[in-house]
Amino acid sequence: MSGARVGDGRSAGAPRFDVPEADAFTRTYWDAAAEGTLLVRECRTCGRVHHYPREFCPHCWSEDVAWRPASGRATLYTWSVVHRNDLPPFGARTPYVAAVVDLAEGPRMMTEVVECADAGRLRAGMGLEVAFRDGAPVFRVTEFRKGT
């Protein structure tokens, strides 16, 4: 799933604490994210999808796993509004919504909800879609339930 890109909210030259350093295994994931595609891993033995990227299936331990594009759809599982964070680039983003989402493919993922001016309207189970900020997947709300 290709997603939109959003601003990164960081200062030029500041050290980064919001994106892990890619290694030989995760390079595929981060390169795809930089191009606007969210990838997950799918086991060819048991057929289950997992995230975060691992070289083996955490369900059946098979090493026969492959990258596949995710739909980019998710639902909000839980979240917290962060009002203070001194590590760059988070300080420039406060307040921000740190979240855990359930991907449509099944796995749960830690992320951030962006473009949400009123975090008080967030509800568990609401629909989200992937977006990308500076090469990292983030999510934005696709629906607000009536009355919230």
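Start by selecting S6 and strand S7 (residues 108–114): they pair in the antiparallel sense over six bridges (strands are DSSP E runs of at least two residues, helices H or I runs of at least four, numbered from the N terminus; pairing needs at least two DSSP bridges between two strands). You're looking at a predicted model, where local features need pLDDT of at least 70 and side-chain atom pairs count only at pLDDT 80 or more, while totals for chains, interfaces and linings use all residues. Residues are numbered from 1 along each chain as its sequence is written, and side-chain values use heavy atoms, leaving out hydrogens and water.

Now zoom in on Ala98, whose bridge partner in S7 is Glu112. Then go to the hairpin of S6 and S7, with four residues between the strands, and click Gly106: its phi is positive, near 120 degrees.

Leu76 stands opposite Val101 in S6.

Next, show Glu112 with Arg93: their side chains form a salt bridge at 3.8 Å, N to O (a Lys or Arg side-chain nitrogen within 4 Å of an Asp or Glu carboxyl oxygen). Glu112 sits in strand S7 and Arg93 in helix H2 (residues 90–93), so this contact ties together parts 19 residues apart in sequence.

Last stop: Arg140. Its side chain meets Glu115 in a salt bridge (3.5 Å, N to O), and Glu129 also forms one with Arg140, with the closest N and O atoms 2.8 Å apart.
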